[in-house]
Structure formats: structure tokens, C-alpha cells
Amino acid sequence: MPAVSESADPARGGSAEPEAIKAIPLRRPGRWIAAAVVVILLGLFVYGAATNSAFSWDVYGRYLFDRRISAAAWKTIELTVLSMALAVVLGVLLAVMRLSPNPVLRTSAWVYLWVFRGTPVYVQLVLWGLFPSIYKTLDLGIPFVHQFVHIELQGIEAAFLFAIIGLGLNEAAYMAEIVRAGVSSVSEGQTEASTALGMSWSQTMRRTVLPQAMRVIIPPTGNELISMLKTTSLVIAVPYSLELFGRQRDIAAVNFQPIPLLLVAATWYLAITSILMIGQFYLERYYSRGLSRTLTARQLQALADAQGKPVVIMPPPDTLPDTPGGERR
């Protein structure tokens with residue numbers, strides 16, 4: 001335990017203030033060794049990649065900002081945003097159905113999740129590409145009474161639309177479970193308290209349940225958005241080849257340089273993903289306001305004033321010095 005000066009002896013009328021502790025930083029040589037190893041390996045990798053002619057860095061630099069590549073990157077963003085918007089709307093609806101006391105709605109939502117989560121997304125996209133062959137015409141109207149719209153599916157070029165539908169329907173199955181988990185994470189006491197205050201069901205969901213559920217919903221939704229961005233590379237199964245991966249594949253098929261073109265696509269994917277991760281960080285921080293359980297000094301003082309008792313702030317147990325007997329004081 002820290003030493004106490006003679007002037008601090010209570011019997012002599014001292015102030016009983018301990019001497020300042022001389023803290024010695026703990027040396028961690030393992031960290032420096034690990035950092036040195038990582039830097040050496042990274043340097044060797046960069047040197048090997050820079051001197052390897054197979055990467056064709058001149059071709060990489062020529063196509064990195066090519067107009068066709070940048071246009072394909074924008075198409076990839078469109079696919080991601082539109083598919084994710086469809087997935088979020090349908091996912092919320094499926095989550096409500098899963099939480100519904102109606103057994104028909106609950107079973108229907110479960111069957112949807114079972115089918116779309118149980119089959120590969122690539123297989124689903126292939127089926128959506130074959131949709132015009134499976135259903136040659138599409139009739140909308142009242143069955144056996146009146147027909148409002150008749151569409152010849154074999155004569156239309158809607159690969160972009162089918163890609164959005166295929167990605168959105170698949171992602172909706174995962175978003176439904178994310179939303180359901182977020183809503184279920186809010187305790188029933190919150191809903192009961194809102195009802196006691198006279199709030200309607202919509203007000204309770206908007207003002208009480210959803211703001212707290214967003215803390216659970218936002219992180220996995222951000223991960224799903226980033227995953228959706230990379231899953232767009234599978235829409236060649238529809239087939240749709242105007243997105244980033246499909247466009248670089250078409251260019252590589254002409255100049256016979258697949259490696260640098262793949263690096264170009266990877267660079268664009270990494271850049272877009274980094275922007276999405278930054279947005280996710282700030283969004284998570286916004287919905288995590290007030291989540292900390294550590295009381296500030298002002299909150300502790302307000303608590304003391306409310307109780308009419310002094311509040312003693314104790315340091316964490318791990319920071320207390322050990323007594324000679326081995327017990328913490």
C-alpha cells in the first residue's frame with residue numbers, strides 16, 4: 001500500500017494524505033517483437049507484389065479509373081441500394097408476421113424464411129434468370145373474370161429488375177430475423193410503461209421500442225449491406241454483366257489480363273465498402289447514445305441530492321492496493 005508521510009499521522013493532527021505513487025510503466029517486449037514481425041512480412045509482401053510481372057501494374061493503373069469501370073461501380077451501388085431497400089421493407093413485414101399471434105401469418109413467414117435461407121442465393125438468381133422461360137406470360141386481373149394486364153415475359157429485357165428482385169427476396173429472409181431479434185430485445189416492461197402513459201401501439205413502437213431496438217438492428221444491418229455489395233457479383237447468373245465484376249470480366253476476356261482487372265474490381269469494392277463502414281460507425285454511435293451504464297459525476301451528484309446522502313466514489317477493485325494479508329482494502 002502507498003506510504004504515508006509523518007506529517008500525515010492522524011495522531012499528530014496531519015491531513016492523512018498519502019504520498020504520490022511513483023508509477024512505472026509495464027514493459028511489453030512481446031508487442032514490439034510482434035509489430036516488427038508484421039512490418040517485415042508486410043514489406044516482403046509489398047516488395048514481392050511490386051516486382052511480380054504477373055500483376056501488370058501498368059494495366060491496373062490504366063483501367064482503375066476507366067469510364068466503363070466507374071459506370072459499372074455505379075451500377076453496383078444501384079443494385080446494392082435498391083435490393084437492400086426491398087429487403088428491409090419485406091424483412092420488417094416478415095418480422096411482424098413472425099411475431100404475430102396469428103398462426104397463419106406466423107407459419108407463412110416461417111416457410112418463406114425456410115425456403116430462402118435454405119437455398120443458395122446463386123441458385124435463386126439462376127432461377128430468376130430463367131423466369132421468362134418458366135412463365136412465358138404474366139396476366140394480372142381477377143381470376144376467371146377479368147384480365148387487366150397481359151405481359152409477354154419472353155420478349156422483355158429485364159435482367160436488372162430480376163437481379164434486384166432475386167437479391168432483395170433472399171436478403172429479406174435474413175433482415176426479418178435481424179428485425180425480430182431487435183424488437184424482442186426490448187423488455188416488455190418498456191411496452192407496458194408506454195401503454196400506462198396512454199401511448200397507442202404505433203406511438204409505443206415509434207417512440208419506445210424501435211429507438212431501443214435500433215441499437216441491436218443497426219450493426220447486423222450494416223454487415224448485411226456490405227455483404228449485399230459483394231453479393232452483387234453473383235448477378236451474372238441472371239445474367240446481368242453491367243455491374244463491377246461482370247464488366248471487368250468482359251474487359252479481361254478481350255485483353256487477356258484477368259489478374260490486373262480483378263485487382264481493379266477489388267479496389268473499387270474495397271473503396272465502396274470503406275465508405276459504408278464509416279457510415280455504419282456514425283449511425284451506430286448515434287443510436288448508442290445513453291447506452292453506457294457508467295454514471296457521470298453530475299449524475300452521481302444528482303443522485304446524492306435526491307437521496308439526501310453523500311455519495312462516496314470508490315475506485316474499481318482492481319486498482320486498490322493489496323494489504324499484507326493478501327486482501328484488498
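How many helices and how many strands make up the secondary structure of the protein? In this predicted model, the secondary structure comes to 12 helices and two strands. Read from the N terminus on, the elements follow the order α-α-α-α-α-α-β-β-α-α-α-α-α-α. The protein has 329 residues, of which 28% are buried, and its accessible surface comes to about 22,200 Å², with 66% of that area belonging to carbon and sulfur atoms. Among the contacts between residues at least 6 apart in sequence, 67% join residues that are at least 24 apart.

**The two strands**

Strand S1, residues 137-142, and strand S2, residues 146-152, run antiparallel and are joined by six bridges. Together S1 and S2 form a hairpin that has three residues between the strands, and in this turn phenylalanine 144 has a positive phi of about 65°. Isoleucine 142 stands opposite histidine 146, a residue of S2.

**Aromatic rings**

A search of the whole structure for aromatic pairs finds 11 of them. One of these is the pair of tryptophan 110 and tryptophan 114, which counts as stacked because the ring planes stand at 5° and the ring centres lie 6.1 Å apart. Both residues belong to helix H4, residues 103-118, and since tryptophan 110 and tryptophan 114 are four residues apart there, about one helical turn separates them. Tryptophan 110 counts as partly exposed, at 47% relative accessibility, whereas tryptophan 114, at 57%, counts as exposed.

The rings of phenylalanine 131 and tyrosine 135 have their centres 5.2 Å apart, and their planes stand at 45°, so this pair is tilted. Tyrosine 135 is partly exposed, with a relative accessible area of 48%. Phe131 and Tyr135 also belong to a cluster, linked by ring pairs, that includes Trp128 and Phe162. A contact of another kind involves phenylalanine 160, over whose ring the charged end of lysine 75 sits, 5.3 Å from the ring centre.

**Backbone features in the loops**

Most residues other than glycine have a negative phi, and most peptide bonds are trans.

Serine 56 is not a glycine, yet its phi is positive, at about 50°. Serine 56 lies in the loop between helix H1, residues 29-51, and helix H2, residues 57-63, and it counts as buried because its relative accessibility is 14%, where the cut-off for buried is under 20%.

Phenylalanine 256 likewise has a positive phi, near 55°, in a residue other than glycine. The loop that holds phenylalanine 256 runs between H10 and helix H11, residues 258-287. Is phenylalanine 256 buried or exposed? With a relative accessible area of 68%, phenylalanine 256 is exposed, since the cut-off for exposed is over 50%.

The peptide bond from valine 238 to proline 239 is cis, and its omega is near 10°. Proline 239 is found in the loop between helix H9, residues 201-231, and helix H10, residues 244-255.

The table below gathers the relative accessible areas of the residues discussed above.

| Residue | Relative accessible area | Class |
|---|---|---|
| Serine 56 | 14% | buried |
| Tryptophan 110 | 47% | partly exposed |
| Tryptophan 114 | 57% | exposed |
| Tyrosine 135 | 48% | partly exposed |
| Phenylalanine 256 | 68% | exposed |

Conventions: Residues are numbered from 1 along each chain as its sequence is written. This is a predicted model: local features need pLDDT of at least 70, side-chain atom pairs count only at pLDDT 80 or more; totals for chains, interfaces and linings use all residues. Side-chain values use heavy atoms; hydrogens and water are left out. Two strands pair if DSSP finds at least two bridges between them. Rings of Phe, Tyr and Trp (its six-membered ring) pair if their centres lie within 6.5 Å; planes under 30 degrees apart count as stacked, over 60 as edge-to-face and the rest as tilted. Buried means under 20% relative accessible area, exposed over 50%, partly exposed in between (1.4 Å probe, protein chains only). A charge sits over a ring if NZ of Lys or CZ of Arg is within 6 Å of the ring centre and within 35 degrees of the ring normal. Contact means heavy atoms within 4.5 Å. Accessible areas come from the Shrake-Rupley method with a 1.4 Å probe; for residues, only the protein chains shown count as cover.
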